[in-house]
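Student: Hi, could you walk me through a structure? I'd like to start with its pockets.

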There are 2 protein chains.
Amino acid sequence: MQGATTGHRERKKAETREALRAAAIRLFLEHGPSAVTVNDICEAARVSARTFFNYFESKEAALFAWDQRLSDELASKLAARPSYEPPLTALRRAMDDTLPSFAAQTGWHARKKLFSASPELRTKIVNAVFRVEAMLVDILADRIGCPAGSLYPQLLAAATGSAFRAAFITWKPETGIKGLQALIDQAFDHLAAGLSAPAS
Amino acid sequence: MQGATTGHRERKKAETREALRAAAIRLFLEHGPSAVTVNDICEAARVSARTFFNYFESKEAALFAWDQRLSDELASKLAARPSYEPPLTALRRAMDDTLPSFAAQTGWHARKKLFSASPELRTKIVNAVFRVEAMLVDILADRIGCPAGSLYPQLLAAATGSAFRAAFITWKPETGIKGLQALIDQAFDHLAAGLSAPAS
DNA sequence: GCGAATTTTGCACTGATGCAATATTGCACG
DNA sequence: CGTGCAATATTGCATCAGTGCAAAATTCGC
């Protein structure tokens, strides 16, 4: 149980994961998500169907594999924000701090294209965002100093998820990461302004 | 294609639906959701397994069958709010107006108990709330007069869903509908106040 | 090479869905 | 009344998604 097994093993696992992810994205773009079976992906990646689910928990999960790493990063960035910041500000900054890592991910353009094209994937991202929210709740409750089951941290986390989700759905990938950044900023501005109708 | 078929047919369908719902709730409470198969439910209700999915789209969906009717009601209540009300206020009032129907539903107490007891069900309610949000987006975009893909209505709908979800999760059913009402009020107060830290 | 740890795989089973066949019900007409 | 037609509900079947479990294969450290 020595934390990280040998570098060799780690590398092979990473390769398999990447092969599955690449095959999934490629096939999804070619034929549409619903026309691709897990078996198709696995044949392309030369592994058995069962193995796929050792790496991803759903057929579509290969598309947002970044969520795992990024949500961890978001959580630690939030925990690192100074305690004098109001909660919503801390959340906003933490998200700002995490966005560069999002931008550094390979293939976000193709992924966003898939999300825009097939609405059935939207429900999947909801679940992904929801899992991040669950992490944030605990950190927020700790930060604010109230029981974990309280309304306020629950609402804060959910609202943050809403901001990201609304921004991501609205986002046109042609506008690049800057465009996404701007939408997230707008969303947080709306939240901070009590969601009153915009001037425009 | 005469809209509502004969009353006879309608009645039998309602009976089957109710039988499935009752069987599901009873068995879930007795053995826990994961220990009950769709087949178990169907044997108890004397129909085939396939029929279950003609009525509900997932095993757990029988628990929040009310969502279908209530979300329609919420949508129409929102559409009925006067146009001079700020969007968030209209949403809040619409939800207030819908809550009595929620209270009138049979068995919400048992259902909430199930939700509290088994966390795996929480992800299911997310999907249900998400579907309501999708309805609200269109109505809100229409009301505000901006394109359906805009950020603001998306965010409004998502935030409203967040408010309900946070309130519902936090809710202790012993406090009755009044308790839920109070939590929803609090959640909307938070949203209207820009989610700034509460005085307490 | 050997033993231990870990990864991969096969298998059985449940959840979920589309499709086509079947059964049931309502209704009109003789 | 009852008989047949049309609408609709139910069911079986095939298939895919997803998961736990245990056997098998692979790799690591020695």
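Tutor: Gladly, and please keep in mind that this is a predicted model. We can begin with the second largest pocket, which has a volume of about 300 Å³.

Student: How many residues line the second largest pocket, and which are closest to its centre?

Tutor: The lining has 16 residues, and those closest to the centre are Arg122(A), Ile169(A), Ala134(B), Val137(B) and Gln154(B).

Student: Which elements give two or more residues to that lining?

Tutor: In chain A it is α8 (151-170), and in chain B they are α7 and α8 (151-170). The largest share, five residues, is the one that α7(B) gives.

Student: And how does that lining divide into nonpolar, polar and charged residues?

Tutor: For the second largest pocket, eight residues are nonpolar, three are polar and five are charged.

Student: OK, what about the largest pocket, how much space lies in it?

Tutor: The largest pocket holds about 350 Å³ of space. Its lining is made of 16 residues, and nearest its centre lie Glu57(B), Ser58(B), Ala61(B), Phe64(B) and Arg131(B).

Student: Where does the largest pocket lie relative to domain 1 and domain 2 of chain B?

Tutor: It lies between them, because domain 1 (7-62) and domain 2 (65-192) of chain B both give residues to its lining. By class, that lining has seven nonpolar, four polar and five charged residues.

Student: Switching topic: what rotation superposes chain A on chain B?

Tutor: A rotation of 180° does it, with 0.0 Å of shift along the axis and an RMSD of 0.1 Å. The two copies are therefore related as by a two-fold rotation axis.

Student: Which residue of chain A comes closest to the rotation axis?

Tutor: That is Gly194(A), whose C-alpha comes to 2.0 Å from the axis.

Student: Why do you say the copies meet through the same surface?

Tutor: Because 100% of the interface residues of chain A are also interface residues in chain B.

Student: One last thing, is Arg81(A) buried or exposed?

Tutor: Arg81(A) is buried, because its relative accessible area is 19% and the cut-off for buried is under 20%. Arg81(A) sits in the loop between α4 (66-80) and α5 (87-104) of chain A. Leaving out residues up to four places away in sequence, Arg81(A) touches Ala90(A), Arg93(A), Ala94(A), Asp97(A) and Arg143(A).

Key. Residues numbered from 1 in each chain as written. Chains lettered and ligands numbered in written order. Predicted model: local features only at pLDDT ≥ 70, side-chain atom pairs only at ≥ 80, totals over all residues. Heavy atoms only, no water. Least-squares fit on C-alpha atoms with pLDDT ≥ 70 in both. Contact = heavy atoms within 4.5 Å. 1 Å grid on protein atoms, 1.4 Å probe; cavity = no way out; pocket = protein on both sides within 12 Å on 5 of 7 lines; lining within 4 Å. Points joined across faces, edges and corners; volume = space filled by probe spheres on them. Nonpolar A, V, L, I, M, F, W, Y, C, P; charged D, E, K, R; others polar. Domains from an automatic or database assignment. Helix = DSSP H or I, 4+ residues; strand = E, 2+ residues; numbered from the N terminus. Buried < 20%, exposed > 50% of the residue type's maximum accessible area, 1.4 Å probe, protein only.
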